[in-house]
Amino acid sequence: MNSITSTTLEGRLQPLMETAGIPGVSMAVLRHGKVDALAALGVRNTIDNAPVNIQTVFQAASLTKPIVAYAALQLVDAGELTLDGSLAHFVPTVLPGDAAFAAITARHLLTHTCGLPNLRAKNQPLQVHFRPGEWFSYSSVGFNYLQSVMTAITGEPLEATMRQLVFDPLGMQSSSLEQSASFQDNLAAPHEGEAPVDVPRYPASASFSLHTTAADYGAFLGAVLRGERLKEATHCAWLTCHAHVPKESAERLRGQPTETELDPEVGWGLGWGLEPNHGTFFQWGKMDGTRAFAMGSMAEQSAVVLLANSNKGLRLMREAAACALPGAHPAIRWLNACVSE
């Protein structure tokens with residue numbers, strides 16, 4: 001596949017951004033396992049119209065999850081965490097005495113088959129809605145539980161573990177699970193429509209709190225494509241389909257889906273969404289005023305990451321995927337059906 005230039009990327013994205021009313025975007029395309037082109041378009045915010053550049057830091061929302069999974073799998077390779085052992089002894093106070101909770105393993109959390117909800121309402125008690133391992137139901141709460149387990153294992157905050165296992169080894173110096181003061185001068189503000197929105201300062205979260213640049217996330221995608229820092233068998237398991245997703249639905253807490261209700265072309269590995277028939281992995285991100293998307297192919301050794309400071313950013317994911325991995329993508333069809341704008 002031929003290289004693509006930053007100018008070409010920007011030329012393809014610019015008219016789509018303008019039509020959708022998306023203030024700012026940053027994007028990286030990888031070829032042969034390395035970042036081949038970077039694009040930076042639009043503005044960081046619509047108040048002073050400060051321009052986006054390739055050093056601009058964006059919220060990455062759930063693009064956090066695969067990168068935390070990467071760190072967790074390194075703990076598996078180090079013998080500090082097992083994929084199939086009960087995790088309840090690491091954090092025994094969450095749901096004490098609950099047999100279903102005690103059955104949850106790291107594999108269940110990474111594959112979104114743990115039975116925990118996606119989000120936890122403050123006025124609702126936490127519960128396991130189905131027997132872990134029975135089916136897929138996307139769970140951000142599950143990744144928060146994984147964070148508690150990793151913290152118990154390492155004895156340090158998740159940010160420190162990520163710095164040691166991911167950010168520093170991969171040279172991701174503009175990435176953090178915390179909103180670093182060093183980001184403030186070049187931080188993309190979230191927008192609903194064309195209006196900036198205030199977002200609370202969150203503590204580090206394994207589910208959603210990554211701040212990063214397209215170049216930094218591209219460095220991570222390169223490590224995924226090259227299989228760096230993981231044993232070969234672990235890397236293979238990371239990108240092997242463990243469960244298929246329900247059609248047109250990311251969260252399914254009640255009623256085990258029948259075979260005909262599952263999407264045969266979209267599944268989940270140990271932290272990545274997958275197109276099993278295409279050999280493609282993916283993840284999307286969605287928070288107030290922020291959207292993100294990443295996709296890659298081991299066979300093609302190509303990948304793409306898109307970061308947008310807009311609630312309309314996923315309107316660009318089809319074009320973003322086409323820049324790195326042309327062709328139809330069942331994952332994008334599924335996301336368009338089950339993830340509202």
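Which residue is the bridge partner of Met287 in strand 11? The partner is Thr290. The model is predicted, so local features need pLDDT of at least 70, side-chain atom pairs count only at pLDDT 80 or more, and totals for chains, interfaces and linings use all residues. Residues are numbered from 1 along each chain as its sequence is written, and side-chain values use heavy atoms, with hydrogens and water left out.

Helices (H or I, at least four residues) and strands (E, at least two) are DSSP runs, numbered from the N terminus. Two strands pair if DSSP finds at least two bridges between them. Strands of a sheet pair through backbone hydrogen bonds, either parallel or antiparallel.

Strand 11 (residues 290-297) pairs with strand 10 (residues 280-287) in the antiparallel sense, over eight bridges. Within this pairing, Phe293 of strand 11 is the bridge partner of Trp284. The hairpin of strand 10 and strand 11 has two residues between the strands. There, Gly289 takes a positive phi near 75°. Strand 11 also pairs with strand 12, again in the antiparallel sense, over seven bridges. Met295 stands opposite Val304 in strand 12. Four residues lie between the strands in the hairpin of strand 11 and strand 12. In that hairpin, Gln301 has a positive phi near 55°.

Is strand 11 mostly covered or mostly uncovered? Strand 11 is mostly covered, with eight of its eight residues buried. Buried means under 20% relative accessible area, exposed over 50%, and partly exposed in between (1.4 Å probe, protein chains only). On one side, Thr290, Ala292, Ala294 and Gly296 are buried. On the other, Arg291, Phe293, Met295 and Ser297 are buried.

Ser302 is found in strand 12. Its relative accessibility is 2%, so Ser302 counts as buried. Contact means heavy atoms within 4.5 Å. Not counting residues up to four places away in sequence, Ser302 touches Leu30, Arg31, Leu225, Gly296, Ser297, Ala324 and Leu325.

Axes are lines fitted to C-alpha atoms, for helices over the stretch in contact, and angles run from 0 to 180 degrees between N-to-C directions.

A crossing is left-handed if the near helix is turned anticlockwise from the far one by less than a right angle, and right-handed if clockwise. Leu9, Arg12, Leu13 and Leu16 in helix 1 meet Glu319, Ala322 and Cys323 in helix 9. By class, the residues of this contact are five nonpolar, no polar and two charged. Ala, Val, Leu, Ile, Met, Phe, Trp, Tyr, Cys and Pro count as nonpolar, Asp, Glu, Lys and Arg as charged, and the others, Gly among them, as polar.

Helix 2 (residues 64-77) packs with helix 5 (residues 140-154) at about 35°, with axes 11 Å apart. Helix 2 passes helix 5 in a left-handed crossing. From helix 2, Lys65, Val68, Ala69, Ala71, Ala72 and Leu75 meet Ser140, Phe143, Leu146, Met150 and Thr154 of helix 5. This contact has eight nonpolar, two polar and one charged residues.

Most residues other than glycine have a negative phi. Ala61 has a positive phi, near 50°. Ala61 sits in the loop between strand 3 (58-59) and helix 2. With a relative accessible area of 0%, Ala61 is buried. Glu248 has a positive phi of about 60°. Its place is in the loop between strand 7 and strand 8. At 60% relative accessibility, Glu248 counts as exposed.
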